[in-house]
Amino acid sequence: MSVHKEVKRITTNTIQEMKQKCEKIAMLTSYDYSMATIVDEGGVDVILVGDSASNVMAGHETTLPITLDQMIYHAQSVVRAVKRALVVVDLPFGSYQGNSKEALNSAIRIMKESGAHAVKLEGGLEIRESIERIITAGIPVMGHLGLTPQSIYKFGTYTVRAKEEAEAEKLKQDIMVLQDAGCFSVVLEKIPAILAKEATDSIKIPTIGIGAGPHCDGQVLVINDMIGLTKGFKPRFLRQYLNLFDQINGAVQSYVQDVKRGDFPNEKEQY
Ligand code: KIV
């Protein structure tokens with residue numbers, strides 16, 4: 001008999017059943033082994049290897065520069081750590097918009113080289129063919145509507161999307177397109193709470209909100225924002241659970257002081 005406790009893995013089916021049972025879905029991003037270990041053990045249902053890695057890990061202003069190879073590297077590190085959560089990986093900008101064949105090849109690379117469980121793509125009707133092709137190959141797809149950061153130069157700002165009727169209508173049509181195309185779930189980013197509720201109630205697949213109010217079937221935050229590592233980033237939708245920037249900064253200052261005054265290492269910290 002095995003002494004190891006079996007961990008029941010979260011699958012795309014589990015996520016869909018959670019909506020039926022009105023059980024909220026908790027999702028967070030992770031980009032590396034150490035953080036993914038903590039996040040998985042903390043009990044999140046879905047870990048997103050987001051292209052926000054471009055911002056919080058690499059220091060870019062937007063998500064556009066991160067490459068498919070870099071996303072695969074982050075995904076590999078996360079997958080090695082995760083025992084329970086469903087791991088979803090963003091297809092980066094430029095790896096799927098060109099045509100559906102390219103989209104499929106990019107998704108296959110992510111699945112084959114990282115061992116992740118699903119991919120996420122930004123957009124609605126305009127990428128329907130790509131989504132269908134990826135799903136036909138047996139790869140689960142999470143959609144992403146509302147503020148889609150890969151289109152930041154089209155939007156011009158990171159402010160709330162779909163406040164106007166026309167854009168709200170387009171989002172309501174797009175979410176049906178994503179459901180019909182076979183997506184197992186959809187992220188709704190920075191849209192009015194009332195629109196997120198309408199969209200959530202209109203479909204059978206779960207919605208995961210970020211800045212989209214309380215009516216979504218689940219919530220997602222960027223882990224670095226949620227634990228206060230990203231200094232000065234405090235949008236209204238963000239609940240910051242720790243202030244790690246200040247805590248780590250304090251620890252570094254103490255270490256520098258200890259080294260400078262010859263207090264570290266002491267006699268117990270040597271061989
Ligand atoms: O890249 C990311 O972290 C995301 C979330 C904000 C949903 O797409």
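**Exercise 1.** How far does a polar side-chain atom of Asp51 lie from an oxygen atom of the ligand?

*Solution.* The model is predicted, with local features requiring pLDDT of at least 70 and side-chain atom pairs counting only at pLDDT 80 or more, while totals for chains, interfaces and linings use all residues. Residues are numbered from 1 along each chain as its sequence is written, and side-chain values use heavy atoms, leaving out hydrogens and water. For Asp51 the distance is 3.0 Å, within the limit for a polar contact (a pair of N or O atoms within 3.5 Å). The ligand's surroundings, taken as residues with a heavy atom within 4 Å of it, include Thr29, Lys120, His144 and Glu189. Polar side-chain atoms of two further residues lie by ligand oxygen atoms, Ser52 at 2.5 Å and Asp90 at 3.1 Å.

**Exercise 2.** Determine how helices H8 and H9 are arranged.

*Solution.* The axes, which are lines fitted to C-alpha atoms over the stretch in contact, with angles running from 0 to 180 degrees between N-to-C directions, come within 10 Å for H8 (residues 165–181) and H9 (residues 193–202) and cross at roughly 25 degrees. H8 and H9 are therefore roughly parallel to each other, a term for angles under 35 degrees. Contact, meaning heavy atoms within 4.5 Å, involves residues including Leu171 and Ile175 of H8 and Leu195 and Ala199 of H9.

**Exercise 3.** Which two residues does a cis peptide bond join?

*Solution.* The bond joins Phe264 and Pro265, with omega about -5 degrees, and Pro265 is placed in the segment after helix H11 (244–260). Most peptide bonds are trans.

Technical notes. Helix = DSSP H or I, 4+ residues; strand = E, 2+ residues; numbered from the N terminus. Parallel < 35°, antiparallel > 145°, perpendicular 65-115°, else oblique. Polar contact = N/O pair within 3.5 Å; in protein donor to acceptor, adjacent residues only side chain to side chain.
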